[in-house]
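Notebook open, model loaded. I want to go through the side-chain pairs, then the sheet, then the core.

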Amino acid sequence: STKDSGTYGIAYRPTGKYVVVSNYYAGKVASLEIGSGKLTLLGQVSTGANPQGVAFSPNGKFVAVVNYDAGTVSMLGMSSAGKLTKKGSVSLPAGETAAFNPAGTLLAVCDQAGNVTTFSVSATGALTKVGAVSTGEGISTDLAFSPDGAYLAALDGDSGGTDPQATISVFSVGSNGTLTLVGTPTSTGPSYNGSSGSRPAGVAFSPSGELLAVSDAANNDVLM
């Protein structure tokens, strides 16, 4: 148990036997050790009001936390023993989800205004804003970088209901972290199955980067 209410986001450390969990109502992030078929709470760190998405850097040294009501993105460090420490934070209103690029040098965060903001990540975990782009429709709900880091996919739609205009946008990622829309956003709404709309919830690239999967909570579908 994390000892607090509102367990929300969760992420597994790529390089070790630890997970982190955001506690939405407590405003904290907990670290837990995995061992012998059980989880052991190692500690918690306060990050701000209503933390939602959490993401580990590829090297496992940093954890990005999106604090929805605080309007911030916190960066935490994790020791080799799984202890969390505060590294700093940057402003970002109504953020939802975060994702690191495969190199760990760029962090992308989506928000409820339908924007995707990118931050460069220094060797010490400091975040510097690169820029922001609009996905064009509604609320941005999830993000995924392609395995080579050249592209970023962003879901866009009403996270609380069925949206006939829900889309998925793909951006190319520049060398400095800027995003450029590739083509036009692709509908995940009525055009693909005749339904009244969709509620895209999650997105993931295949290991080769050639396929993109999208889960649709409204129609119980997976789109490829």
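**Salt bridge.** I looked up Glu33 and found its side chain meeting that of Lys17 in a salt bridge, 3.2 Å from N to O. I'm working from a predicted model here. What does the pair tie together? Glu33 sits in strand β3 (residues 28–35) and Lys17 in the loop between β1 (7–12) and β2 (18–23), so parts 16 residues apart in sequence are joined. I searched the whole structure for salt bridges and got one. I also checked accessibility: Glu33 is partly exposed at 23%, and Lys17 is partly exposed at 43%. A reminder to myself: side chains of opposite charge can pair when their charged atoms come close.

**Aromatic pairs.** The search of the whole structure gave me two of these. In one, the ring centres of Tyr8 and Tyr24 are 5.5 Å apart with the planes at 25°; planes under 30 degrees apart count as stacked, so I logged this pair as stacked. Tyr8 is in strand β1 and Tyr24 in the loop between β2 and β3, so the pair links distant parts of the chain, 16 residues apart. Next I took Tyr24 with Tyr25: centres 5.2 Å apart, planes at 90°, so that pair is edge-to-face. Tyr8, Tyr24 and Tyr25 make up one aromatic cluster. Buried or exposed, I asked of Tyr24? Buried, at 16% relative accessible area. Tyr8 is partly exposed at 47%, while Tyr25 is exposed at 62%.

**Sheet.** I then traced an open sheet of four strands, ordered β5-β6-β7-β8, with antiparallel pairing. The edges are β5 (51–56) and β8 (84–91); each has a single partner strand, so one side of each has no neighbour in the sheet. Neighbouring strands are turned by 20° against each other on average, ignoring direction. I followed β7 (residues 72–78) along β8 and noted seven bridges in the antiparallel sense. Val73 has Val90 in β8 as its bridge partner.

**Core.** Val73 turned up again in the largest nonpolar core, which has 15 residues. Which members touch the most others? They are Val73, Met75, Ala98, Phe100, Leu107, Val109 and Leu127. At least two core residues come from each of β6 (62–67), β7, β9 (95–100), β10 (106–111) and β11 (115–121). The strand giving the most is β6, with three.

Methods: Residues numbered from 1 in each chain as written. Predicted model: local features only at pLDDT ≥ 70, side-chain atom pairs only at ≥ 80, totals over all residues. Heavy atoms only, no water. Pairing = 2+ DSSP bridges. Axes fitted to C-alpha atoms, helices over the stretch in contact; angles between N-to-C directions. Core = buried A, V, L, I, M, F, W, Y, C linked by side-chain atoms within 4.5 Å. Buried < 20%, exposed > 50% of the residue type's maximum accessible area, 1.4 Å probe, protein only. Salt bridge = Lys/Arg side-chain N within 4 Å of Asp/Glu carboxyl O. Phe/Tyr/Trp six-rings, centres within 6.5 Å; stacked < 30°, edge-to-face > 60°.
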